[in-house]
Amino acid sequence: MQFHHHGYVSGDPRIHAAAGVGLDRPAEIPEELDVLIVGSGPAGMLLAAQMSQFPDVRTRIVERREGRLVLGQADGIQPRSVETFQAFGFAERIVAEAYNIAYMNFWGPDPENPERIVRTSRTEDYALNISEFPHLIVNQARVLDYFAEAAVRGPGRIVPDYGVEFVGLEVPEAEGEPVTVTLRRTAGPQAGEEFTVRASYVVGCDGARSGVRKAIGRTHVGTAAAHAWGVMDVLVNTDFPDWRTKCAINAKAGNILHIPREGGYLSRMYIDLGEVAADDDHRVRQTPVEEIIRRANEILHPYTIDVKEIAWHSVYEVGHRVTDGFDDVDPGAERNPRVFLTGDACHTHSAKAGQGMNVSMQDGFNLGWKLGHVLTGLAPASLLRTYGSERRPVAQQLIDFDREWSSLMARKPEEITDPNDLAQHYLATAEFPSGFMTQYGPSEIIGGAEAQDLASGFPLGKRFKSAPVTCVADGNAVHLGHHASADGRWRVYAFADDGLPGEDTALERWAAWMGSEDSPVAAHTPDGADPDAVFDVKAVYQQAYTEVDLGRVPGVFRPQSGPLGLTDWEKVFAAGPSAWNGVDIFEERGISRRGAVVVVRPDQYVAGVFSLEDTEGLRGFFAGALRAQR
């Protein structure tokens, strides 16, 4: 964490100095806005936290509830989400309070007595071998709390406007005209009162019954599976030995997905309620919790649970739906979108794969920096077209994955030929549930693959997979990607060829160009802004940190920023081994010893790979992604 560059900080450095609209945030919602976020779920709160990093953008978030969410229904946190929490500054704290999934155990009928269940396998969780971040279980409400904290501590000082619900909107035909939104107060002395605001952009984060989705004429496409599940968060006494281990339980009496929760005592159980008749008309949703508990005990035989308290319970029928569009622009239309959908507003599915909250947050992360760039003039409005084109295929992948996982979970014992196939499927598909399978296709913000072989471990369109390096300034081992906070900046990593600072190398020539008036830094950094306001440019040398002379490192890697013009000492790294770091990032990520330039978007996805000599390619890429500022 870096601070003091704007002067001495005595208090909590996580609280940024207010700026822009955060300096005098009005208590009432203004009539004119840049961004209106509808709904304070995972996508909405992440989006608010991201927009708080753009304090010159007038952003408000409305929520029909009277206050914060107390009890969330989602709880699974994939490693990619923890990686995202790292960028927003609260990964360590949420990991400390969460349940860390180390194993997933599988249970099935005892071959000698099929009325009983026995453990059939123990499987290490997929996160152990796929990321430095864990697979967690934690209450959705706490995730929202952390994002709310990030939003109010950001320069924009964004806080939710509770007790305000969405009523409707009108999108004008003329390009650039604001959207008129009707809102209604749901609490306080003015409850029932309607009022209107005008917003340049509206984002519907308002759930599966989204009013924003209906207002722009979008519909869910898909079907509901004829299967129902009861779910409950419970505090129990039990003789089941794996109560604090995630389990998939398949028995003659049905199936259970058992997930321990944070705190050491609470657990969530998904209990199979069986097939739903075609004429049921959702009556299964009225199944009493006593029946759900009875079913759970029947499936767990010979073990039992004695339920002491039920924190929450529900019954749901599995549904798999993707909205026919993620914004208000019809296919083939030339105009740019002004209304967007995120999370459950545009994709719904079962909860058992633990993906809903995770994919929703990535919707918000994808959209947030794009809105910030467009509204601050860094990028053209056409950038916003990439939101739907990038996120809708991800949602479809989620639906396909969840449909397969739900079907496997709902099988009867006689339909299973190999008792280990569910465990094998769990591990074989690890990249998707961990959140790392997403790969965006070529666009103005994902470049061509001509130089991919120079950095094969950083596939274009996939998230930047971090690796340890050594900070030259202090000799400490750090994860390169963990230095990238969710501040809306592009990352440019220059991996050196075989040479040291001051020598005639390709990196020296590239750095001289990158620091010149002919570079993307000069072209796309607003006048008067810090030299690293838009681009965070870092160097990684091949040698040990003791061999790198910081005094000879090119100036583009030692920018002076802030009102005091202080030098940033944390942009130069070494790949060579040290006392604290035995990993060579060049080897770990397949980086050519001839050097390479890796460009990473503000949402942590690899946007381009270039040779150190291809300055024209790098300049052309940014000319297509950003607007010239000078």
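A residue is taken as buried when its relative accessible area is under 20%, as exposed when this is over 50%, and as partly exposed in between, with a 1.4 Å probe and protein chains only. The structure is a predicted model, in which local features need pLDDT of at least 70 and side-chain atom pairs count only at pLDDT 80 or more, whereas totals for chains, interfaces and linings use all residues. Residues are numbered from 1 along each chain as its sequence is written, and side-chain values use heavy atoms, with hydrogens and water left out.

Aromatic pairs were examined across the whole structure, and 25 were found. Rings of Phe, Tyr and Trp (its six-membered ring) pair if their centres lie within 6.5 Å, and planes under 30 degrees apart count as stacked, over 60 as edge-to-face and the rest as tilted. The rings of Tyr201 and Phe340 form a tilted pair, because their centres are 6.2 Å apart and their planes stand at 40 degrees. This pair links distant parts of the chain, as Tyr201 belongs to strand β11 (residues 194-204) and Phe340 to strand β17 (residues 339-341), 139 residues apart; helices (H or I, at least four residues) and strands (E, at least two) are DSSP runs, numbered from the N terminus. Tyr201 and Phe340 are both buried.

The rings of Phe240 and Tyr303, by contrast, have centres 5.6 Å apart and planes at 70 degrees, so that this pair is edge-to-face. A cluster joined by ring pairs comprises Phe85, Phe88, Phe90, Tyr146, Phe147 and Phe365.

Ser40 lies in the loop between β1 (32-38) and α1 (42-51) and, at a relative accessible area of 3%, is buried. Its side chain makes polar contacts with the side chains of Glu63, at 2.9 Å, and Arg65, at 3.2 Å; a polar contact is a pair of N or O atoms within 3.5 Å, where within protein one must be able to donate a hydrogen and the other to accept it, and residues adjacent in sequence count only if both atoms are side-chain atoms. Beyond its neighbours within four places in sequence, Ser40 is in contact (heavy atoms within 4.5 Å) with Met45, Ile61, Val62, Glu63, Arg65, Leu144 and Tyr162.

Ala579, located in the loop between β25 (572-574) and α12 (585-588), counts as exposed because its relative accessibility is 75%. Although Ala579 and Ala477 are 102 residues apart in sequence, their C-alpha atoms are 8.7 Å apart in space.
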